[in-house]
Amino acid sequence: MFVERAQIGEATSQERRDNAQPDSRVLGRVIQCDGARATLAAYAADGSAATKGLWTVGRMVSINLGDIRTVGLVYRIETPTMDWIEDGLNPITVHVELIGEVRDGEDGKPLFDRGITAYPHIGAISHRIRARDLEAVYDLAGRRALTIGQLSQDHKIEARIAIDDTLNRHFAVVGTTGVGKSTAVSLLLRKAIAARPDLRVLILDPHSEFSTAFPDHSIRINTHTLDLPFWLFRLEELVEVLFRGRDAVPEEVDLLRDLVPLAKQLYRNPTGAVMRRSTDASGITADTPVPYRIADVLKVIDERMGMLDTKNDRPLYRSLRTRIDSAVNDPRYRFMFGSRLIEDNIHETIGKIFRVPHEGRPITCFELAGLPSEVVNSVCSVLARLAFDLALNSHGKLKLLVLCEEAHRYMPADHRLGFAPTRHALSRIAKEGRKYGCYLGVVTQRPGELDPTVLSQCSTVFAMRLANDIDQEIIRSAIADSSASTLSFLSSMGQREAIAFGEGVATTMRMKFEYMAPALLPGAAKRNEADESIDEIDDVDIASLVESLRSVTRPLAPSSPQPSFGTPVDPTRQAGESTPRNPSGPLFGAASDQERPRRRFDDESFRRLYE
Ligand SMILES: Nc1ncnc2c1ncn2[C@@H]1O[C@H](COP(=O)(O)OP(=O)(O)OP(=O)(O)O)[C@@H](O)[C@H]1O
Ligand SMILES: [Mg+2]
């Protein structure tokens, strides 16, 4: 028989003590059980406080088996007769999914276990779950926990995640546009950096909205402040840029594979005889991240075009030269071709991007909005690769989280889309990063378009509202069977609400993220600007809009001439040179020039570095 072991003050025991309240109104009885699910017979709520919200979809109930209380989640209710009696008791059938069991520990504290050891018998009594049992269901059992919101079912109970497991085993936030993904992520990150001071975060931010969410904890890097020399790019990344994201001509790529190592040798040994082969004893390949000059690549191309034996290849050389020229002269690519970074101070740039030392700002918002899409691909690939290599070589000292907003862009399910090296670099983090302290956070509104292997590596998922059937199906297949019916709520969840499941939570939970002050929402600054200028629509400066399309700024006063669109960047000014030959040099290097003292390294000292 039903044994109430509750402490004083618990709803159920009060209900039982209340003689005016017959048990039949607040209790249900098991009439069917199939191992994963059970059906209860009960009576519909009569409007009294005790029965309010008792049998509703999404509620947890407890089935009392004496020592053990089986916890179930209501996923469907109906009247067996499909009828309603106005004055009198209305019998209802309640379908619940069994999610685990609670038993009292030695100290009387309830303990939850996901497995079911004893199944409910027919006639077992079910009732509203006690608050303490509900807390036990979501208890993280000593793991370092962060409160990120409240349970949807009971706002008094905090929704807590185990931060170490959430990060270490990667996480994903999915949901249709506008449900609060970016806000949820910024909330998570805000709490994560407070709890884990060793954590560094790199946000690949395609809409440039995250810097407002962390005004005191982040730095911004955008096209104007980025300085990522082309020689850090691997051949395939460089090819993506040179061919503007289109299919590359394999013969030209082969030539480049041959030319780049030569240029690297020329950089190291400008006067000495360079072996005219792509590989020599030094083992430098097209992918080795050592500096070289584009001017040397062009020089070798010109030399080869003049040779008799390359007569047949001449058109290939010519088209490759044109490609390189146009990329080098394109103002949108200045961040890579105008760079004057040499190997000896590249660590400052890398240190700045990955926040080592972090100087109180462990988050980097890498704003990709101004970059052409083929450059976004290559830059993301370089960054993801560097993140992994840094974490790997730091022997676990550096903990890096790479957060990909709109992740379906870099890791699309359709392998013909997207950029293979970016996908490889990110999936390498997804597959092996955990072992070296490199973590992945994935945010997407289209889980159906995201590479399924990446999603399957994300052990904690926050699924927000998803309207699309395919997307829902993807998430349903990612979740363990026993909590699958929770996902039937996916299409009907409110803003800020999410179903959290996986390693980072004790049990699949439907929760609501904490409210964030409007000033701290991602993209808050942009929204404010737009609101302020809403009455001044005629004042839009179309000239400056057009200029920003050209990716160049308006010419300044003659005293500080700036390059205008189409002005070639001096191709001879390359990695390793400390003073620009052309005073109207690229803009982006200016700020960083002042920030850090640059040492001049001639090729002699470089040679010594290698020898
Ligand atoms: N936790 C929250 N606290 C306060 N407001 C929120 C919260 N979450 C969402 N909002 C509101 O919802 C709006 C949209 O949120 P957000 O930009 O995070 O959505 P999103 O899912 O990232 O959208 P998109 O897919 O377009 O990027 C916010 O501007 C804010 O007004
Ligand atoms: Mg967003």
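The average pLDDT (the predictor's confidence in each residue, from 0 to 100) is 79 for this protein, and 79% of the residues score at least 70. This is a predicted model, in which local features need pLDDT of at least 70 and side-chain atom pairs count only at pLDDT 80 or more, while totals for chains, interfaces and linings use all residues. Residues are numbered from 1 along each chain as its sequence is written, and chains are lettered from A and ligands numbered from 1 in the order in which they are written.

The protein has 19 helices and 18 strands, which are DSSP runs numbered from the N terminus (H or I of at least four residues for helices, E of at least two for strands). Of its 611 residues, 42% are buried, meaning that 20 or more other C-beta atoms, placed from the backbone, lie within 10 Å of the residue's own.

Helix α6 (residues 235–242) packs with helix α12 (residues 373–393) at an angle of about 165 degrees, their axes being 8 Å apart; axes are lines fitted to C-alpha atoms, for helices over the stretch in contact, and angles run from 0 to 180 degrees between N-to-C directions. The two helices α6 and α12 are therefore roughly antiparallel, a term for angles over 145 degrees.

Elsewhere, pLDDT stays under 50 over residues 553–571, for which the model has 31 contacts beyond four places in sequence, a contact being two residues whose C-beta atoms, placed from the backbone, lie within 7 Å. Over residues 575–611 pLDDT also stays under 50, and the model has 64 such contacts for them. Where pLDDT is low, predicted coordinates should not be read in detail.

Terms used
Angles under 35 degrees count as roughly parallel, over 145 as roughly antiparallel, 65 to 115 as roughly perpendicular and the rest as oblique. A residue is buried if 20 or more other C-beta atoms lie within 10 Å of its own, exposed if 12 or fewer, and partly exposed in between; C-beta atoms are placed from the backbone.
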